[in-house]
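Dear colleague,

Please find below the structure that I am handing over to you. My notes on it follow directly after.

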Amino acid sequence: MKYIITHKDFDLPIKKDEYTVICPKGVKINNWKNVEYFDNGLDNRMYSEIAGMKYIADNSKEEWIQINHYRRIMDVIPNKCCIAEAKYLNKINIVQQYALCHNVEDLSICSGIVKELYPDYYNIWLQTLQSNIFIPYNMVQLPLDCYKDYMGKMCNILQKFMEIRGINNYEDMQNYIKTNKTYTDKNKIRNTDVNYQSRLVGFLSERITTWYINCLAYSNAVIYPCRISKYENTY
């Protein structure tokens, strides 16, 4: 099943009947035949596309799951494991890149969580952080069982992270960002905007996705990087 996750009304020049739109309740989506509205307890302001992705994991019975965003569509190979094309960081690794943009302590906390929850995959996590290969957007096409495993691991890590940081909702997140000087120190990171840094869950989730795909690769899964078409047709 081809899904498009959104949090606002939008339009795209694609075959609409081939996609199911996933959107939080309270938002009206026009011009799309197949729309599923959800409320699974995850604050969309904080979890962004992860809220919709979890809804799909909890409810879909399709054989294959393809994740797209309201501004990005992945050109996949049918019935193959696909991901967005990787980004290659210039002369720095994932940890160094994260430190330029966010609070690198976040990754240290996630490292402890992965070691605790998934010790068999901890070495791959460490190798992922030292790599310069980064898989963006949380856009994947995976078999349902694999997708459920992917989302289970991601949500477990993120929810444990939130517990450690004492964040329960979006307001907590904004207060946390405002009071933690690392996120607002212009001498340390590139973008100190509170609303931007409050997208912390999304930033971490992309690193978790990169790790999970590396885990699949180490298990000899064949994974195809795919071109992403980008649009700005939102309302």
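What separates Lys153 and Asp149 in helix 6? The two are four residues apart in that helix (residues 144–165), and so about one helical turn lies between them. Please note that this is a predicted model, in which local features need pLDDT of at least 70 and side-chain atom pairs count only at pLDDT 80 or more, while totals for chains, interfaces and linings use all residues. Residues are numbered from 1 along each chain as its sequence is written, and side-chain values use heavy atoms, with hydrogens and water left out. Helices (H or I, at least four residues) and strands (E, at least two) are DSSP runs, numbered from the N terminus.

Salt bridges

Lys153 and Asp149 form a salt bridge, with 2.7 Å between the closest N and O atoms; the term requires a side-chain nitrogen of Lys or Arg within 4 Å of a carboxyl oxygen of Asp or Glu. Lys153 is buried at 11% relative accessibility, whereas Asp149 is partly exposed at 33%. These classes are set as follows: buried is under 20% relative accessible area, exposed is over 50%, and partly exposed is in between (1.4 Å probe, protein chains only).

The whole structure contains 11 salt bridges. One of them joins Asp11 to Lys16, the closest N and O atoms being 2.9 Å apart. Asp11 is partly exposed at 22%, and Lys16 is likewise partly exposed at 22%. Another pairs the side chains of Glu232 and Arg71 (3.9 Å, N to O). Glu232 lies in the segment after strand 11 (228–230) and Arg71 in the loop between strand 4 and strand 5 (72–74), so this pair ties together parts that are 161 residues apart in sequence. Glu232 is exposed at 60%, while Arg71 is partly exposed at 28%.

Loop residues

Most residues other than glycine have a negative phi. Asn138, however, has a positive phi of about 55°. Asn138 belongs to the loop between strand 8 (133–134) and strand 9 (140–143) and is buried, at 0% relative accessibility. Asn220 also has a positive phi, near 75°; this residue sits in the loop between helix 9 (200–218) and strand 10 (223–226) and is exposed, at 68%.

Finally, Lys61 is in the loop between helix 2 (49–59) and strand 4 (64–69) and is exposed at 76%. Lys61 and Leu144 are 83 residues apart in sequence, with 7.4 Å between their C-alpha atoms.

Yours sincerely
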